[in-house]
Amino acid sequence: MKLHTDPLQPDCFYHIYNRGVNGENIFKEKRNYAFFLKKYAEFLTPYVSTYAYCLLKNHFHLLVLTHSEEEIRLLDKYKESKKDISWILSNAFASFFQSYAQSINKGYHRRGKLFDEPFRRILIESDVYFTEMIQYIHFNPQKHKFVKDFRDYPHSSYHSHLHISATKLEREKVISWFGSKEAFEKFHLENNRLDNLDRFDIEFD
């Protein structure tokens with residue numbers, strides 16, 4: 001079985017996903033979702049651009065583009081570093097997970113790991129896969145029966161792509177990729193049959 005833990009490479013699209021250890025909820029209450037995104041922006045904005053996300057009770061999905069090696073080497077903490085770029089990228093994610101976990105542990109009087117280790121990643125190597133992965137990520141709450149209609153779920157990037165308020169998402173690039181907001185919505189609605197989406201199913205074990 002492929003574990004999806006190959007080293008991250010610069011300037012590549014990835015589906016990043018992980019869950020709570022032993023399936024434990026990583027979001028204990030509503031405010032945790034916003035806190036997760038705040039920490040994510042703090043730790044990972046210098047290293048990746050984010051195209052889509054979905055946060056569920058015990059796991060999450062991200063679609064990201066890792067920054068180029070040249071961009072990352074310009075960061076103050078790595079200007080003189082000899083660290084391998086794959087290590088730098090993985091360490092950025094690990095630092096984010098550790099920081100979030102420490103906050104949850106402190107706030108909810110728990111101890112130990114919060115996330116499965118290592119976190120999983122799948123390289124996205126085709127335009128078709130990229131397009132369908134955006135839809136798959138947004139459809140996840142309906143797939144897992146959190147809501148009857150994925151459009152009603154508040155903790156994904158679906159509505160952020162359709163709004164005009166400030167966002168750290170690559171909104172313009174995503175909407176441009178589909179052609180328009182209308183085309184973005186239409187693709188999601190026309191391609192949400194479960195038998196089409198099962199091929200994206202992931203394993204944690």
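This is a predicted model: local features need pLDDT of at least 70, side-chain atom pairs count only at pLDDT 80 or more; totals for chains, interfaces and linings use all residues.
User: What makes N18 buried or exposed?

Analyst: Buried means under 20% relative accessible area. N18 has a relative accessible area of 0%, so N18 is called buried. The residue sits in strand 1.

User: How do you know that the side chain of N18 reaches the backbone oxygen of D116 in a polar contact?

Analyst: The cut-off for a polar contact is 3.5 Å between N or O atoms, one able to donate a hydrogen and the other to accept it. The side chain of N18 reaches the backbone oxygen of D116 at 2.8 Å, and 2.8 Å is within 3.5 Å.

User: Why is D11 called exposed?

Analyst: Exposed means over 50% relative accessible area. D11 has 55% relative accessibility, so D11 counts as exposed. D11 is found in the segment before strand 1.

User: What is there to note about the phi of D11?

Analyst: The phi of D11 is near 60 degrees, which is positive, and D11 is not a glycine.

User: What kind of peptide bond joins E117 and P118?

Analyst: The bond between E117 and P118 is cis, with omega at about -5 degrees. Most peptide bonds are trans. P118 lies in the loop between helix 3 and strand 4 (120-123).

User: What makes up the largest nonpolar core?

Analyst: A nonpolar core joins buried nonpolar residues through side-chain atoms within 4.5 Å. The largest one here has 55 residues, and I16, F60, L63 and F93 have the most contacts inside it. Among the elements that give two or more residues to this core are strand 1 (13-19), strand 3 (59-66) and helix 4 (127-143). Helix 3 gives the largest share, 10 residues.

User: Which residues is I16 in contact with, leaving aside its neighbours within four places in sequence?

Analyst: Contact means heavy atoms within 4.5 Å. With those neighbours left aside, the contacts of I16 include L8, F60, L62, V64, F93 and F119. H61, R120 and R121 are also among them.

User: How much space lies in the largest pocket, and what lines it?

Analyst: The largest pocket holds about 340 Å³ of space. It is lined by 19 residues, and those closest to its centre are A41, T50, T167, K168 and L169. Helix 1 (30-44) and strand 2 (48-55) each supply at least two residues of the lining. The largest share, 5 residues, comes from helix 1. By class, the lining has 8 nonpolar, 7 polar and 4 charged residues.

User: What is known of the second largest pocket?

Analyst: About 240 Å³ of space lies in the second largest pocket. Its lining has 17 residues, with A94, F97, Q98, F115 and E117 nearest the centre. Helix 3 (residues 85-108) gives the most to this lining, 8 residues. The lining divides into 7 nonpolar, 7 polar and 3 charged residues.

Notes
Residues are numbered from 1 along each chain as its sequence is written. Side-chain values use heavy atoms; hydrogens and water are left out. On a 1 Å grid over the protein atoms alone, a cavity is a set of points where a 1.4 Å probe fits but cannot get out, and a pocket is an open set with protein on both sides within 12 Å along at least five of seven lines; lining residues have an atom within 4 Å of a point. Grid points are joined across faces, edges and corners, and a volume is the space filled by probe spheres set on the points. Helices (H or I, at least four residues) and strands (E, at least two) are DSSP runs, numbered from the N terminus. Ala, Val, Leu, Ile, Met, Phe, Trp, Tyr, Cys and Pro count as nonpolar, Asp, Glu, Lys and Arg as charged, and the others, Gly among them, as polar. Buried means under 20% relative accessible area, exposed over 50%, partly exposed in between (1.4 Å probe, protein chains only).
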